[in-house]
Each structure stands twice: as structure tokens, then as C-alpha cells.
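Got your viewer open and a selection tool at hand? Let's take a walk through this one, stop by stop.

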Amino acid sequence: MPTWDVAVRALRPPRPVHDPWRPQGVTVELERGPGGEFTPSATVFLTGAECPFTCVFCDLWRYTIDGPTPAGALPAQLAAALDQLPALLREAGLDRCDQLKLYNASNFFDRHAVPEADLEPIARLAGGFRRVVVECHPRLVDERVRRFAGRLPGRLEVAMGLETAHPEALSRLGKQLTLEQFDRAAERLRADAVDLRVFVLVGVPFVPAAEQAKWVSQSVRHAARAGARSVALIPVRGGNGELERLRGLGEFEPPDLALLEECLAGGLQAAEGSVAVQVDPWDLGQVAAGCESCRDARVAAIREMNGTGVARRTVCGDCG
Ligand code: SF4
Ligand SMILES: [Zn+2]
């Protein structure tokens, strides 16, 4: 009988082959902050080693490589991405960029994913930004975070996946995380003057569809209490084999736009203006419509809520 992580990995389709010396992409956007301010922001999707955890909902392994990230590859990727930035900003009508999100589909403070020797050149390349955001599993938040923050002229923000505040679902996600461990990592960030961003799932496996919105609101409240500046809602995407297995067992239902809209509206209300709750814009195109009649209206409502921070709901004659 294989262990659960081996069983989950065995169901995956083959991993696409990536060049560890090239980033996966760069996007720019105006991101709403907790005070309602808009920050010109760039996201660089980096290529590197896979995360050692094996969450049942994860599809980030698709953007990773076999084995550790080669030393020097991430600074080279970041330099190439920053070369593209002026043209992307011009296209978007932005005259500057204040925030840099470095998303490596894994954990920034895992030595296999980000070699120790690369932290200094990455910090140098990121030195022109007022805020730098990296992602990391709460259990890998350690003294490296403070050291990296100390190398940056700007402010460091760490994005951690809470995923859900539903204790039982969280324990079954394969994340190997408890709410207490999450809270301890958040406390450590606060003590080190590092800001917190939180990922919360929409369409959490093991939570019935009718309870999804309630638990997203609970999760946003938990993130707010832990000191989050912002919460990104992540619609769970199928395709890793394990989610299809769970769907067959009735333990997972892919979220549609109506649920995402409801969760965003509920999350904004739960945050009571203290936390910027939004859906990352690149996630929207991958969410099932559910109902074709209201697809465009719901996408527009989600984009509007992302921009205003004010909850609203679409009424559809066909699906309600
Ligand atoms: S911790 Fe994040 S990157 Fe790692 S398996 Fe879970 S969702 Fe994927
Ligand atoms: Zn509809």
C-alpha cells in the first residue's frame, strides 16, 4: 500500500518540461490594497524545484522541474522578467511599478527551491520595488525570512496558504498544517515586521458545496485575525487526477463562477474593510461558467468587486 503522497502523485498526468533558466511569465496589474489604494504590481512566475508537500488540490507542480533549482537560475529568470517589464507597463498604461510578486510555484524559503546563494542577487534585482511578495508554506517560515527581509530596501510580504479554516478539511488536504501552526508562522512574520498575504481556497475538497461560502468567510476572518493585509481567493482547479478521484467519491466539486462570486462577496463582508480580499485576475479564465447566461455578468461582478472592495451579487433569470 503506497503512502498517501505517493498515491496522490501517481495519479498525476506527466509533468510538462520547463527550462529552469526561463520564467513562466510576467503579468502586471493594479492591485487594491487594504486601505483601498491601488498599487501598480508585477507578478513573475518563476520556474524551480517542486514543493515537498503534496496537497490533494495542488496543480502548481505543473510549473516546476525535477530536482532542485540550479544555482543562478532564479536571478537569471528574474533579470529576464524585469527586462520585459517596461513594455508590459506601457501596454497597461502604467508609468511605474511599486510591487513585485515572485511566485515560484513552491516555497521561497525552501533551499531546494531557492538556493541560499541566490537570495542576495534576487534581493538586489528586487531592490527597486517598494514591496516584494514571495510565497511560502507556514512550516517553512524561519529565520531565513527575516534575513531576506533585511536585504530588501522595500517591505517584504509573505503569502501563506491557509487554504481553509475548516479544521477537519484542512487536516485532510495533505498540507500537513494545523491552524495553530499557521497562526504561529503569522505571529513570527509579525514579530519580524514582515507583512502577511493569505491564500484561501474556493471549492475546498471535503467541504459540502452549500458550506463553501460560509467557510471562505470564516477563513477570511481567521486570516484577518492573524494580521493579513490581503487575502487572495483561489478557485480549486481539477486535473491532477486526485481531485477527479475525490470528485468520484463526492468529496470535491469544482467551483463555478456563481460560487466564486458568492465567496468573494461574502469574504469582502467578513473582512469588514480591514483586509483586501480579491480573486487573482489570472485565475478567472479557468473557472467553469456553470450557467452560460450569466457568465459575462459574473466575471464583470468579480472584476468590479476586485476593484472596489464592495460586495455585490448578480441575479440571473436562469440560475438564480
Ligand atoms: S504547499 Fe502549496 S505548492 Fe506545496 S503542495 Fe501544497 S498547494 Fe502545492
Ligand atoms: Zn445564470
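Below is a short tour that goes from the sheet to a helix, then to the core and the ligand.

Before you click anything, keep in mind that this model is predicted.

**Stop 1: the sheet.** Start by colouring the strands. You'll find an open sheet of eight, in the order β1-β2-β5-β6-β7-β8-β9-β10, and the pairing is mixed. Now pick out the edges: β1 (25-32) and β10 (276-279) each pair on one side only. Going from one strand to the next, the twist averages 25°.

Stop 2: Select β1 together with β2 (residues 38-45). These two run antiparallel and are joined over eight bridges.

Stop 3: Next, show α9 (residues 257-271). This helix lies across β8 (195-202), β9 (230-235) and β10, and runs at about 170° to β10.

**Stop 4: the core.** What is L264 in contact with, once neighbours within four places in sequence are left aside? The list is L233, V277, V279, I302 and M305. L264 and V158 have the most contacts inside the largest nonpolar core, which has 90 residues. Helix α9 gives the most to this core, with 10 residues.

**Stop 5: the ligand.** Finish by selecting ligand 1. Around it sit C51, F53, T54, C55, C58, L60, S106, H137, G161 and K175. Colour that shell by type and you get five nonpolar residues, four polar and one charged.

Conventions: Residues numbered from 1 in each chain as written. Chains lettered and ligands numbered in written order. Predicted model: local features only at pLDDT ≥ 70, side-chain atom pairs only at ≥ 80, totals over all residues. Pairing = 2+ DSSP bridges. Helix = DSSP H or I, 4+ residues; strand = E, 2+ residues; numbered from the N terminus. Axes fitted to C-alpha atoms, helices over the stretch in contact; angles between N-to-C directions. Contact = placed C-beta atoms within 7 Å. Near = placed C-beta within 6 Å. Nonpolar A, V, L, I, M, F, W, Y, C, P; charged D, E, K, R; others polar. Core = buried A, V, L, I, M, F, W, Y, C linked by C-beta atoms within 7 Å. Buried ≥ 20, exposed ≤ 12 C-beta atoms within 10 Å, placed from the backbone.
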